[in-house]
Amino acid sequence: MANIASARKRIRQTLKRTERNKARVSRVRTFVKKVEQAISAGNKEEAVAALRNAQPEMQRACGKGVAHRNTVARKISRLSRRIKSIASA
């Protein structure tokens, strides 16, 4: 255990931030899961709507430093490509 006051405060801050970041990541995963379910069901309108809801959440995660910018861009790109392929199938 830390003896210095600033170190104790750092530990408290880290715990709070960790909880906040876990919640953000979990929230993003939930939104992405909704898109995945709509894609697997073959429902294009629902998938598009779910992606529209998921996209700002994913962008917010990279803005807060929880996810990397390129990772989010890649995931959005892959999801939108899969949604586009629903119509052609």
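**Pocket and helix packing**

1. The largest pocket has a volume of about 210 Å³, where a pocket is an open set of points on a 1 Å grid over the protein atoms alone, with a 1.4 Å probe fitting and protein on both sides within 12 Å along at least five of seven lines. This is a predicted model, in which local features need pLDDT of at least 70 and side-chain atom pairs count only at pLDDT 80 or more, while totals for linings use all residues. Residues are numbered from 1 along each chain, and side-chain values use heavy atoms, without hydrogens or water.

2. The lining of this pocket (residues with an atom within 4 Å of a point) includes Val-25, Arg-29, Met-58, Val-66 and Lys-75. Two or more lining residues come from each of α1 (5–41), α2 (44–63) and α3 (69–88), helices being DSSP runs of H or I with at least four residues; α1 gives the most, with four.

3. α1 and α2 pack at an angle of about 160 degrees, with their axes (lines fitted to C-alpha atoms over the stretch in contact) 9 Å apart. That makes the two helices roughly antiparallel, a label for angles over 145 degrees.

4. In the contact of these helices (heavy atoms within 4.5 Å), Val-28, Phe-31 and Val-32 are among the α1 residues, and Leu-51 and Met-58 among those of α2.

Terms used:
Grid points are joined across faces, edges and corners, and a volume is the space filled by probe spheres set on the points. Axes are lines fitted to C-alpha atoms, for helices over the stretch in contact, and angles run from 0 to 180 degrees between N-to-C directions. Angles under 35 degrees count as roughly parallel, over 145 as roughly antiparallel, 65 to 115 as roughly perpendicular and the rest as oblique.
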